Structures are given as structure tokens and as C-alpha cells.
Amino acid sequence: MELHDNTEKQERALLVAVDIGDYDVESSLSELYELTQTAGAEPFGAMTQKRNAYETATCVGSGMIQEIADICQKQDIDLLIFDCELSPTQIRNIELITDVRVIDRTMLILDIFADRAVSKEGKLQVELAQLKYMMPRLTGKGVAMSRLGGGIGTRGPGESKLETDKRHIRRRIDTLKEQLEQVERHREQINRRRKKDGTVTVALVGYTNAGKSTLMNYLTDAGVLAKDMLFATLDPTARALRLPCGKTVMLIDTVGLVRRLPHHLVQAFRSTLEQAATADIILNICDASSEESQVHLQVTRTLLDELGCKHQVVIPVLNKCDLVPELNQIPMIGEAVRISAKSGQGITHLLEVIEQNLPMKNMRVELLLPFSKSGIAAEIRKDGTVLEEEYVAEGLYLSAMITPDLLKQVKPYLVEQ
């Protein structure tokens, strides 16, 4: 699915939302407007209808769909974007009535993801999410797809093009899963190595367009794309950051979040988001100039909890404070740190807070383990780093970097220095 082509004019898009009372439609439409612009289309306007439930056939009511069709014809609308997930039948019915191409919120986000992905992993994740989303929708497009393959030389007995496409997609999904598993195993090895070497990781997470990439660039000169648009960064970027105390940490930028991010999209990008789950410190960054800053912080916090980050240090950070002159009127959320990644305001305080929350670092020890305690040596090899080892008459001599947790276990066997 392509929303735009640089050689053609921008597509005019009409946004449609149905308010059934399960979310804030106005805020969601505002976000959809930004998503539409990010994808390269021109939002013409928006139409909203209050209903008790989505209309099974066309999502909106019969009167509303006719009104939409009239506007599309009069205003030369190229694209209808619905702020909800549509079924294949709904898409087909709406297109038949309006004679305009229809996509939903998920398809729009997938299009942006496909345009933004740079790394091999990012591209694999995007393609997997697209295929999983497309699979159940092939049934609804069967007639159109058969027509694409119709004509002289394609008629007669045999398998329909639809079934061929389905089988091809299933095979491709299996292949993508295998490739992603290999990439994830490689990243797990890197993460284990960082842990063993005592490298502390600090992850930047938060709502898209909160300024994470701008902060990353300010702190590390990472050269990450930093623009005022949604999903400017899709692929995780890791850079070394030297703190004022002299300690060096690994700073990781992650994909931005959006409200009502479809579940299977979270699943597709779970491995990217799990960069945060393995971090020692998480900076939960939000746009302080947004009226929904507290909501954005909570959305991010909820997702972090779902990823298993309940026991990690999470520091709320209010960015873009330079856009809010009345700083005293910004409500404090926990121990939120107020900064401006653009001007540098509050950065010194942010670095101090990071330093205060650094985990206890690995330490070098010399041990003499009795032969009966060889299991401890195995744990050190797994969770620490062995620098030197030698079998002597009394047992196994080890010089190693170990975690604070292991120190309690090996205290009886420390060699006095």
C-alpha cells in the first residue's frame, strides 16, 4: 500500500471517525490528522458520527455514508481514512458506495512504518505486520484479485489466485518469523555481553514526537533523524553517553508510541520495544507542551508494565519545557524531570538523576573455590566475566568481574588482597 508518490500530486484524504464512547474521538482524530500528514497525504477535513455501535456493513450509518460519498465527489477526495479498524467487507462496501479508496488507521500506521524502517530487523517486522494484517482481508478482496489474474490464458480449472496468494503469504510469514528469531538471538547475545561487561543501558521511550531523538542527538551527537513528525525514528539507535561522574552508559532510542496502537503492531515491534525491557534505567519522555502530557506518560507506563518493566527504574521526563513559559503551572508527575532537549535546559539535572539511579556496578574479585563448589564458577561464567583462572592444589583460582548479587554468594571464598 502506497499513500503517495513523489511524481504525483498529494492525495486528498477525508478522515472519518465513529464515536461509540470507548475513547476520546477528538484527540484520536487530531493524531490521525498528524499521521495522515506524516504519510504524505493532505487531510481535507474530518467527519464524525455518534453511534451506539459500528454499522456492520459500512461502519457508519446509511445516511452518513451517502453524505461522505457526496463530499468525495464534490471535493475531489482521493482517499478515505477511518479512525478504527475496518473489516474486509466494510472496506469493500464503502468503496462501492463512494468510489474512493478506503484504508483504516492500522493500514495508515503500517504504511508509515514501511516508509520509516531502515534496519534489517525493522523491515522484517514491518513486512510481517503487513502480511498478518493482510491475510484475513484477502477473502474480502477475492473478486478484485481474481480479476487481476483474469483474462486469456488464465481461465480454466485449477487453483484460484486467492488461494495461491494465501499459501504464498503463509510461507513468507514463516520465513520472516525465522529471520526475526535469528536477529533477536543475535541481539540477546549482545545484551548478555553488555551485562557481563557491566555496561549500564538507559532507554529513551515515550509517545511519538516527544523529542526522544532530539535528546539523543543533544547528549551523544548520534545524528538520528529528529523531525516534528510522527514515527521519525523507527529503528533503535544505541550510542555511548559519558556522565559527569565519569561513568559511561549506553543510551538507546526506541520507536515512538501512539494512542490505540493496534495490538498486533505492538507484537510486531515487541522486540524493538524490549530494548527498554532489558535496560537498567528507562527515561519516559513526553511533550510538556501537549495538553495530554500526563495521558502520554501513563500510556507509556502502562505499555512498559505489559513488557515486564515494573521493577525497573523509570524516570518521567517532561521535554519541550521551553515551549511552556509558565513552567510553574506544569503539574508535577512523580519525580518528573523538566528539560528542553532543544535548548539544553534541565539537561544537567537529568544527568544527575541518571547518576543517582545507576545500578551497583560489577566489581573485580579474586576467589579460591573448593572443587566441591565448581557450580559457583559456572554461574560466574554465565553472569560475570572470568579474567583469569587456574587449577591449584586447594581448588580453582579465579579472577573475575562479578555482579553484586554474586558477591554475596562468593564472600567465603574471597582471596584477601
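I began with arginine 105, which is buried at a relative accessible area of 2%. The model I consulted is predicted.

I next looked up the partner of arginine 105. Arginine 105 forms a salt bridge with glutamate 31, and the closest N and O atoms are 2.3 Å apart. Because arginine 105 lies in helix H4 and glutamate 31 in helix H1 (residues 25-39), the pair ties together parts that are 74 residues apart in sequence. I noted that glutamate 31 also counts as buried, at 5% relative accessibility.

I then turned to the salt bridges of the structure, which number 9. One of them joins the side chains of lysine 50 and aspartate 19, at 3.2 Å from N to O. This pair links distant parts of the chain, with lysine 50 in strand S2 (residues 42-50) and aspartate 19 in strand S1 (residues 12-19), 31 residues apart. Lysine 50 is exposed, with a relative accessible area of 69%, whereas aspartate 19 counts as buried at 16%.

I also examined glutamate 389 and arginine 381, whose side chains meet in a salt bridge of 2.9 Å, N to O. Glutamate 389 is partly exposed at 39% relative accessibility, and arginine 381 is partly exposed at 34%. Elsewhere, I recorded that salt bridges with shared partners join Glu31, Asp83 and Arg105 into one network.

My last entry concerns helix H3 (residues 88-98), where Gln90, Ile91, Asn93, Ile94 and Thr98 are buried. I found the buried residues of H3 packed against helix H2 (62-74), strand S3 (79-82), strand S4 (101-104) and helix H4 (105-116). Just after H3, aspartate 99 adopts a positive phi of about 60°.

Terms used: Residues numbered from 1 in each chain as written. Predicted model: local features only at pLDDT ≥ 70, side-chain atom pairs only at ≥ 80, totals over all residues. Heavy atoms only, no water. Buried < 20%, exposed > 50% of the residue type's maximum accessible area, 1.4 Å probe, protein only. Helix = DSSP H or I, 4+ residues; strand = E, 2+ residues; numbered from the N terminus. Contact = heavy atoms within 4.5 Å. Salt bridge = Lys/Arg side-chain N within 4 Å of Asp/Glu carboxyl O.
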